[in-house]
Amino acid sequence: MSGKGVVVKVEYHTVGMFYTVRGKRISDIRSLKNMQSKIMSVTNAKWKWHAVFTFSPESFEVYFGKHGELGTALTDCFNKLRNKFWGFKYFWKYEEGTMIFCKTCDKKVYFTRDKEREGWVFCNVCKSPIKGGEWPHYHVLFDFINRTIKCKKDDLDKRLKKIRSFKGKVLRKMEYVSAKGVAMVEVDFIVKRFKEIDLKKLIHPKSWDKMDWKKWFATQYGYAMNKGKSRIELLLGYYFFKKWGNGIAHAREIMHYMNLEEYVKKDFYKYTESKYLKPNAKKWYNSLNVDFDPEGEVQGEWEKVLETVGMFPVGEALYMVMASKDEMVDYYNSIGKVGAYIYKRVIDDIKNRMVDEEGLIKDEYLVQKTLREKY
């Protein structure tokens, strides 16, 4: 279906004084901003590790081709990690790529995966083979070091034995009564940072000292993805790979707060398509043992200031939004969001109304004409 004849609802923002088209992207942008704020407002964890778990073609077929869901794969992985890192915390975000740059077409195009060659796709326009194209994957933040656990008061001795088995140091114990009237205890404790030998024993518990680690590290540093990584990062990435079991896994250590901010802005505030997911599937989530600063959560209610202008052809809607670009960007910048990013997503959302099922923009001429008239 081409974009010709398609109409979209254009709305006017009465505070920012700009036109916009609300679509799936706008609600996702709000969700992403909420997620970003929640990550940075965690009070009982220090995010020390950033990992990427990518689905292989085989696991892709199992979890998406048949079921259209992703929860089982990640849950299985976390359960395996929980057996070794009791009380660890995590925050994950799902992501998938749907477009890639085709040199033949000289533009971004939708693609079809090459089932014969992993890491390759075909351009949907000219059918040229292209190296790349992101498989569905997760970005995950981990805290294995600093932990908070809550338990019934009668279970405290058993929990403390567990902590000591981790060589953990108890920092604080606080007693309280739960909403159900049960006597509870909250315990904060800390475990020392990973060492190489600890991770080697995790990877190969019975034969870690028999493995040629010098050769293993040399092989790992031969891969472009591993350039600049520390030995600890390589080892933990390999441990994740074994526990993930559904494709490739990589790990990076988060060295300081600014490093965390960089990851959050780059990977946890990036819009993703979700054509492989079931409707209303979660795109991000966190472990239940994470506490948040209540004042750090976003209370976005900006939709209430939008008034419907009317239904317009796609080209006209595109022109109306572009005409008030500066107002839109300035408004979202003024309330702490990334105005240019939101503007781009609204424009992309309008353009996507012109995309047919094969990924061809049949009204590309209309888009270019509108751009020329505006600029």
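Reader: In this predicted model, what is Thr 20 in contact with, leaving aside its neighbours within four places in sequence?

Author: The model is a predicted one, and in it Thr 20 is in contact with Lys 9, Val 10, Glu 11, Leu 306, Val 321, Met 328 and Val 346, once its neighbours within four places in sequence are left aside. Thr 20 itself lies in strand S2, residues 18-20.

Reader: Why is Thr 20 counted as buried?

Author: Buried means under 20% relative accessible area, and Thr 20 has 4% relative accessibility, so Thr 20 counts as buried.

Reader: What makes Met 17 exposed, and where is Met 17 found?

Author: Met 17 is found in the loop between strand S1 (7-13) and S2. The cut-off for exposed is over 50%, and because the relative accessible area of Met 17 is 52%, Met 17 is exposed. The phi angle of Met 17 is near 60 degrees, a positive value in a residue other than glycine.

Reader: How do you know that Lys 127 counts as exposed?

Author: Lys 127 has 55% relative accessibility and therefore counts as exposed, given that exposed means over 50%. Lys 127 lies in the loop between strand S7 (120-123) and strand S8 (129-131), and the phi of Lys 127 is near 70 degrees, a positive value in a residue other than glycine.

Reader: Why are H9 and H10 called oblique to each other?

Author: Helix H9 (residues 314-323) and helix H10 (residues 325-334) pack at an angle of about 60 degrees, with their axes 5 Å apart. Angles under 35 degrees count as roughly parallel, over 145 as roughly antiparallel and 65 to 115 as roughly perpendicular, with the rest oblique; H9 and H10 are therefore oblique to each other. Their contact is made by Val 321, Met 322 and Ala 323 of H9 and by Lys 325, Glu 327 and Met 328 of H10.

Reader: What makes H5 roughly parallel to H7?

Author: The axes of helix H5 (residues 196-203) and H7 come within 10 Å and cross at roughly 20 degrees. Angles under 35 degrees count as roughly parallel, and so H5 is roughly parallel to H7. The crossing of H5 and H7 is left-handed. Among the residues that make the contact are Leu 199, Leu 202 and Ile 203 of H5 and Ile 232, Leu 235 and Leu 236 of H7.

Reader: Which strands does H7 lie across?

Author: H7 lies across strand S3 (49-54), S9 and S13, and runs at about 145 degrees to S13. S3, S9 and S13 belong to an open sheet of 5 strands in the order S13-S3-S9-S4-S14, with antiparallel pairing.

Reader: What makes S13 and S14 the edge strands of this sheet?

Author: Strand S13 (249-253) and strand S14 (284-286) are the edge strands, and each pairs on one side only. From one strand to the next, the twist of the sheet averages 15 degrees.

Reader: How do you know that S4 is largely enclosed by the rest of the structure?

Author: Of the 7 residues of S4, 7 are buried, so S4 is largely enclosed by the rest of the structure. Both faces are covered, with Lys 89, Phe 91, Lys 93 and Glu 95 buried on one side and Tyr 90, Trp 92 and Tyr 94 buried on the other.

Reader: How many bridges join S4 to S9, and how many join S4 to S14?

Author: Strand S4 (residues 89-95) is joined to strand S9 (residues 137-143) by 7 bridges, and these two strands run antiparallel; the bridge partner of Tyr 90 in S9 is Phe 142. S4 and S14, which also run antiparallel, are joined by 3 bridges, and Phe 91 stands opposite Asn 286 in S14.

Reader: Why is Cys 77 called buried?

Author: Cys 77, whose place is in helix H3 (residues 71-84), has a relative accessible area of 1%, and is therefore buried by the cut-off of under 20%. Leaving aside neighbours within four places in sequence, Cys 77 is in contact with Phe 53, Lys 243 and Trp 244. The C-alpha atoms of Cys 77 and Phe 241 are separated by 9.7 Å, although these residues are 164 residues apart along the chain.

Reader: Which residues of the largest nonpolar core touch the most other members?

Author: Within this core of 40 residues, Phe 53, Phe 78, Tyr 138, Phe 142, Phe 144, Leu 236 and Phe 240 touch the most other members. Helix H7 (residues 231-244) gives the largest share of this core, 7 residues. A second, separate core of 20 residues includes Val 6, Val 21, Leu 318 and Met 320.

Technical notes
Residues are numbered from 1 along each chain as its sequence is written. This is a predicted model: local features need pLDDT of at least 70, side-chain atom pairs count only at pLDDT 80 or more; totals for chains, interfaces and linings use all residues. Side-chain values use heavy atoms; hydrogens and water are left out. A nonpolar core is a set of buried Ala, Val, Leu, Ile, Met, Phe, Trp, Tyr and Cys residues joined through side-chain atoms within 4.5 Å. Buried means under 20% relative accessible area, exposed over 50%, partly exposed in between (1.4 Å probe, protein chains only). Helices (H or I, at least four residues) and strands (E, at least two) are DSSP runs, numbered from the N terminus. Two strands pair if DSSP finds at least two bridges between them. Axes are lines fitted to C-alpha atoms, for helices over the stretch in contact, and angles run from 0 to 180 degrees between N-to-C directions. Contact means heavy atoms within 4.5 Å. A crossing is left-handed if the near helix is turned anticlockwise from the far one by less than a right angle, and right-handed if clockwise.
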